Amino acid sequence: MYISQIKILNPKDVSGWNEEIQNLNNYSFFHSVEWSQVLSQTYHYKPVYFCNFNQDKICAVIPAMEIRSKLTGNRLVSLPFSDFCEPLYNSIEESELLKETIFNYCNSNELRFMEFRTSETKFPFETENFRTDLRHILDISVDESILYKEFSDNTKRNIKSAIKENIQIEKDNSFEAMNLFYHLQCVTRKRHGLPPQPKSFFKKIFEHIISKNKGDLLFAKLDNKTLAGLMFFKIGSKVLYKFGASLLENLPKGANHLLIWEGIKLYQKSGFKEFDFGRTETNHEGLRRFKLGFGADERIIYTTRYDIQRKTFLPPETNTTGIHNKIFRKLPLTLLRFIGETIYKQMG
């Protein structure tokens, strides 16, 4: 007989949380205690992690944040501002118990709907009512010469061009470097017609992740001028490329290719096994080709929204492109930063 030992937790209250998570298949940085703290402390979301225990060991977990907003509704999200977040469980029976617990929690706390972003499974429903995005993963457990051999010809040409241009790649995890990266993010988001995430978000990333050697910042420089930067998160044997930003729309040829390649080499030499390129929207074909050019394996990310009370699926689409992009591009950075400070907590 299966005995449920499901508990609802905040991961910061569990000693050795990250080590426990790494014992489960398909774990990612988004399951970590550090990411939970960044989200909860930046946006004041309530961490609600549904865990099943076996002899005091976590054997299943579904991370979630309780979001309360008068503008966008009260809901449970697994997880906000995360590319994906696999429900970690071992059997259908276990998943059904977790689903029942989540339903009961949402009903008891008057949460209108719940949202999941998964790539290995379609928990907790059998349906085709998904938003789909792409995820790209590269096995870096092999020698770097073997990795390079699998790159596309275009990727190799771009890397060589960047080296010929004398572009330098530097790792800098200082607080000053984080401020520089935030500025690059603001410039990049304005170029894309979107407000940047709040500065407090990046401060919490620095506090809980970068300063604790759980992540890194890599920058591309030319003639001692910073052109672009990438942010990586690390857990166990896996590294995740989370954010990229650049000063210019048209960087010197191959700058981003060289940044990624130097990142891959850095983590391959450090003993990491998996390099995750993160989420790509299906309409961003150029970004998709960029990631595939490194020989990455392509997977699908499923986003599901379910109305608890009505027992129906909600439209999972999130519009990141539209007339608002043209408006945002024309606004000054100071106003875009204010908008970001205001709206992102509601969007979650």
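User: Where is N213 found?

Analyst: This is a predicted model, and in it N213 is found in the loop between helix 7 and strand 10 (215–222). Phi of N213 is near 60°, a positive value in a residue other than glycine.

User: Why does N213 count as exposed?

Analyst: Exposed means over 50% relative accessible area. N213 comes out at 53%, so it counts as exposed.

User: What about H44: buried or exposed?

Analyst: Exposed again: H44 has 61% relative accessibility, and the cut-off is over 50%. H44 is in the loop between helix 2 and strand 2 (46–47). Its phi is positive too, about 60°, although H44 is not a glycine.

User: Which residues does the cis peptide bond join?

Analyst: S78 and L79, with omega at about -10°. L79 is in the loop between strand 6 (75–78) and helix 3 (92–108).

User: Why is the pair of W35 and F201 called edge-to-face?

Analyst: Ring centres have to lie within 6.5 Å to pair, and planes over 60 degrees apart count as edge-to-face. For W35 and F201 the centres are 6.1 Å apart and the planes are at 75°, so both conditions hold and the pair is edge-to-face. The two residues come from distant parts of the chain: W35 is in helix 2 (residues 33–43) and F201 in helix 7 (residues 199–210), 166 residues apart.

User: How do you know whether W35 is buried or exposed?

Analyst: Buried means under 20% relative accessible area. W35 has 0%, so it is buried. F201 is also at 0%, so it counts as buried as well.

User: And what makes the pair of F181 and F202 tilted?

Analyst: Planes under 30 degrees apart would be stacked and over 60 edge-to-face, with the rest tilted. The planes of F181 and F202 are at 50°, with centres 6.4 Å apart, so the pair is tilted. F181 lies in helix 6 (residues 175–191) and F202 in helix 7, so the pair ties together parts that are 21 residues apart in sequence. F181 is buried at 0%, and F202 is buried at 1%.

User: How many aromatic pairs does a search of the whole structure find?

Analyst: It finds 29.

User: What makes R135 count as lying over the face of F84?

Analyst: Part of the test is that CZ of Arg is within 6 Å of the ring centre, and the other part is that it is within 35 degrees of the ring normal. R135 is at 3.7 Å from the ring centre of F84 and lies over its face. The charged end of K238 likewise sits over the ring of Y27, 4.0 Å from its centre.

User: Which residues touch the most other members of the largest nonpolar core?

Analyst: That core has 48 residues, and W17, W35, V61, F201, F202, I205 and M231 touch the most other members. Leaving out residues up to four places away in sequence, M231 touches a list that includes M178, F181, F202, I205 and L240. Another core, of 30 residues, lies apart from the largest one, with A162, L227, I260 and F277 among its members.

User: Why do strand 1 (6–9) and strand 4 (57–62) stand at the edges?

Analyst: The open sheet has three strands in the order 1-3-4, with antiparallel pairing. Strand 1 and strand 4 each have a single partner strand, so one side of each is left without a neighbour in the sheet. The twist averages 35° from one strand to the next.

Key:
Residues numbered from 1 in each chain as written. Predicted model: local features only at pLDDT ≥ 70, side-chain atom pairs only at ≥ 80, totals over all residues. Heavy atoms only, no water. Pairing = 2+ DSSP bridges. Helix = DSSP H or I, 4+ residues; strand = E, 2+ residues; numbered from the N terminus. Axes fitted to C-alpha atoms, helices over the stretch in contact; angles between N-to-C directions. Core = buried A, V, L, I, M, F, W, Y, C linked by side-chain atoms within 4.5 Å. Buried < 20%, exposed > 50% of the residue type's maximum accessible area, 1.4 Å probe, protein only. Contact = heavy atoms within 4.5 Å. Phe/Tyr/Trp six-rings, centres within 6.5 Å; stacked < 30°, edge-to-face > 60°.
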